[in-house]
Amino acid sequence: MDSAMESIVVLDFGSQYSQLIARRIRECHVYSRILPWNTPAEQLREYNPRGIILSGGPSSVYEANAPKCDRAIFNLGIPVLGICYGLQLIVRTFGGKVAPGSAREYGKAELEITDHGSIFAGLPDRIQVWMSHGDKVAEPPACDVKFLASSGNTEYCAVEFPGRNIFGIQFHPEVVHTPMGTQILRNFCTEVCGCRGSWTMRNFIESAVAEIREKVGKANVILGLSGGVDSSVAAALIHRAIGDQLTCIFVNNGLLRLHEAERVKELFGNNFRMKLVYEDATDRFMCELAGVNEPEAKRKVIGREFVEAFERASAKIADVEFLAQGTTYPDVIESVPIDGNPSAMIKSHHNVGGLPKDLKFKLLEPLAKLFKDEVREVGRELGLPEDVVMRQPFPGPGLAVRHIGAVSVQTLNILREADDIVVSEIKKAGLYYKTWQTFAVFLPIRTVGVMGDARTYDYVIALRSVESSDGMTADWVELPYSLLKKISNRIINEVRGVNRVVYDITSKPPGTIEWE
């Protein structure tokens, strides 16, 4: 499938919701891509999108350095939808006025639709929407413009420029607080842009398999397999395309969860019959990490040792031309420079982690167009088990960043056993797939306790459970007291060296999800 033949481009003006807009478009089975706000009109023409969405953003259209898109975009004959700042930019571009509202409008509001047209087709006259703006349209342009909807604070809450296929809305249809927002975006994609909605993961797999075969030819490919969702799905997809030309490299750094190495070897080596090189570098990692306390120092040691272990393993494989990674779309989206912020950077968050530029391999990143939820769907289509597809995020440095201070074999084993109890009980309670992350943290402090009428002086385990949609912000989960009691009792009774369990009730921000 050629996704460029039916796509929507989202121009990012620095909105915290730009990725969410793109994801909502894809939920309508239309491919979407995010590009910087200053992408030239001619470049957009080359992408041949069916529609263009201008995102919200933190700026005011009257600020000196306010981002403004290439005005020629409005002459391409491609439908445009402006959201929040995007609406204000369109109005300003066509000669209208934008000014601070008499009151800021943040949170839920009632939208009164006076002209349903194509954008609001099939919706009732009044709907709940989510607002997040201080400025609003004060005076519409003098050119022909239709007013489609208003709210209590915003008279011109939705507009249409007839004959131009240009629309603007002041609210945010992409957030869950606008319950009918996805329908509005679907209307834009189908009713305005004429998209058929053919972007599905089954079609993606067919297209990706063909592209991988064409790109790789008869060459060999290696992939750093971590056991996480992204690398597992990438392995399954590439294996479907080229079979034994793929060799997965699994490095055991001694920082894995309980029985993780055995699980990965069984699933990919025995069940999927993939060629798998297992590199047990536990002793080396433990030696280099001895006495290293500071979190970033631990990460650097782990990254360096991983590269060396990966290179040792890859040297055992002949005629390797490609290095495959489970890179996903959020990893490669450019950050947006707004109002003097640093120039755009490309994230380098790859699953194989910190590989040097002189490895001399060509990159193969078949998941680079997909968001995480799409990656999971691809995994299901490829036959991966649900416990792999829906596995909670696990940090690249492993248990080292869930272990405060320097790690040792003894204390890592304590953490491993405690973590296994946490995960197993969360699954039994039916909460594993309903929380973003739930895990144990080892604290290198000892407290006095009493067990069997005898004094103990043992370590502390902290429990962490958070809910989130993207990991950027998170709130702690109010786990049932009965579940907390059961987890605590099991850890204290079954894990030698622990006599106290505490629960972390810190949100992000101000805290982070991981402790290090």
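How many salt bridges does the structure hold? The count comes to 30 salt bridges in this model, which is predicted. A search of the whole structure also finds 1 cavity of 30 Å³ or more.

**Salt bridges**

- Within helix 7 (residues 260-271), R263 and E260 lie 3 residues apart, about one turn of the helix. Their side chains meet in a salt bridge at 3.1 Å, N to O.
- E260 is buried, with a relative accessible area of 5%, whereas R263 is partly exposed at 26%.
- E279 forms a salt bridge with R312, their closest N and O atoms being 3.4 Å apart. E279 belongs to strand 12 (residues 275-280) and R312 to helix 9 (residues 295-314), so the pair ties together parts that are 33 residues apart in sequence.
- R490 and E425 form a salt bridge with closest N and O atoms 2.8 Å apart. Because R490 lies in helix 14 (residues 481-494) and E425 in helix 13 (residues 409-428), this pair ties together parts 65 residues apart in sequence.
- E425 is buried at 2% relative accessible area, while R490 is partly exposed at 22%.

**Surroundings of E6**

- E6 is situated in the segment before strand 1 (7-12) and is buried, with a relative accessible area of 2%.
- The E6 side chain reaches the backbone nitrogen of R196 at 2.9 Å and that of G197 at 2.9 Å.
- Leaving aside neighbours within four places in sequence, E6 is in contact with residues including H29, Y31, R50 and C195.

**Cavity**

- The largest cavity has a volume of about 30 Å³.
- Its lining comprises 9 nonpolar residues, with no polar and no charged ones; among them are V91, P140, F147 and Y156.

Methods
Residues are numbered from 1 along each chain as its sequence is written. This is a predicted model: local features need pLDDT of at least 70, side-chain atom pairs count only at pLDDT 80 or more; totals for chains, interfaces and linings use all residues. Side-chain values use heavy atoms; hydrogens and water are left out. On a 1 Å grid over the protein atoms alone, a cavity is a set of points where a 1.4 Å probe fits but cannot get out, and a pocket is an open set with protein on both sides within 12 Å along at least five of seven lines; lining residues have an atom within 4 Å of a point. Grid points are joined across faces, edges and corners, and a volume is the space filled by probe spheres set on the points. Ala, Val, Leu, Ile, Met, Phe, Trp, Tyr, Cys and Pro count as nonpolar, Asp, Glu, Lys and Arg as charged, and the others, Gly among them, as polar. Helices (H or I, at least four residues) and strands (E, at least two) are DSSP runs, numbered from the N terminus. Buried means under 20% relative accessible area, exposed over 50%, partly exposed in between (1.4 Å probe, protein chains only). A polar contact is a pair of N or O atoms within 3.5 Å; within protein, one must be able to donate a hydrogen and the other to accept it, and residues adjacent in sequence count only if both atoms are side-chain atoms. Contact means heavy atoms within 4.5 Å. A salt bridge is a side-chain nitrogen of Lys or Arg within 4 Å of a carboxyl oxygen of Asp or Glu.
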